[in-house]
Amino acid sequence: MPQIRCRFCHESVDAGEIRAHEAEHLKPRPDGQQSEYVTLPPEERAEGDLAGVPRAYVHRKCGAGTGMPEEIIRSYLKDPFLYTAEATYCCGCRRHVPWRECRWVETGEDLETYFRALQAAKPEMRPGPLARLVILLARLFRR
Ligand SMILES: [Zn+2]
Ligand SMILES: [Zn+2]
């Protein structure tokens, strides 16, 4: 059986088991946050100093602040197209809220503007037409 690497824990899993395996990672915790998020494998993440990279954001609608985990920061810095939902978890609302409703504590910039700038700086990482179609379908299915 061919092996596929899990996008959450990055272990190799039998191809036939990968869906069930990844579904376990997506189960919400009691606080409503997903237990784990897609990240890049540790060796593929952005390296180096995170000085100047914002770490905490405030949700405009509820005023609560949430910290961005370092493994997620290092993943999106490398691939700004990784988080296609364009939403982030809010500790106050206990659910995912759109990027545009949040701003960084450190810079005051809203997260949507921030991620758009990162994406514009790495056009070569932009998913191709087929990947974009899959993303679009995934969004439609979630509604
Ligand atoms: Zn896994
Ligand atoms: Zn909130």
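This is a predicted model: local features need pLDDT of at least 70, side-chain atom pairs count only at pLDDT 80 or more; totals for chains, interfaces and linings use all residues.
View 1. Side-chain values use heavy atoms, without hydrogens and water, residues are numbered from 1 along each chain as its sequence is written, and chains are lettered from A and ligands numbered from 1 in the order written. The protein donors (N, O and S atoms within 2.8 Å of the metal, or 3.2 Å for Na, K and Ca) are His59 (ND1), Cys62 (SG), Cys90 (SG) and Cys93 (SG), at 2.0 to 2.3 Å from the zinc ion (ligand 2).

**View 2. His59 and Cys90 link distant parts of the chain.** His59 belongs to strand 3 (residues 56-59) and Cys90 to strand 5 (residues 87-90), 31 residues apart; strands are DSSP runs of E, at least two residues, numbered from the N terminus. Both His59 and Cys90 are buried, meaning under 20% relative accessible area (1.4 Å probe, protein chains only). Along the sequence, the zinc donors follow the spacing H-x2-C-x27-C-x2-C.

**View 3. Here's Thr66, in strand 4 (residues 65-67).** Thr66 counts as buried because its relative accessibility is 6%. A polar atom of the Thr66 side chain lies 3.0 Å from the backbone nitrogen of Cys91. Leaving aside neighbours within four places in sequence, Thr66 is in contact (heavy atoms within 4.5 Å) with Arg55, Ala56, Tyr57, Tyr89, Cys90 and Cys91.

Conventions
Helices (H or I, at least four residues) and strands (E, at least two) are DSSP runs, numbered from the N terminus. Buried means under 20% relative accessible area, exposed over 50%, partly exposed in between (1.4 Å probe, protein chains only). A polar contact is a pair of N or O atoms within 3.5 Å; within protein, one must be able to donate a hydrogen and the other to accept it, and residues adjacent in sequence count only if both atoms are side-chain atoms.
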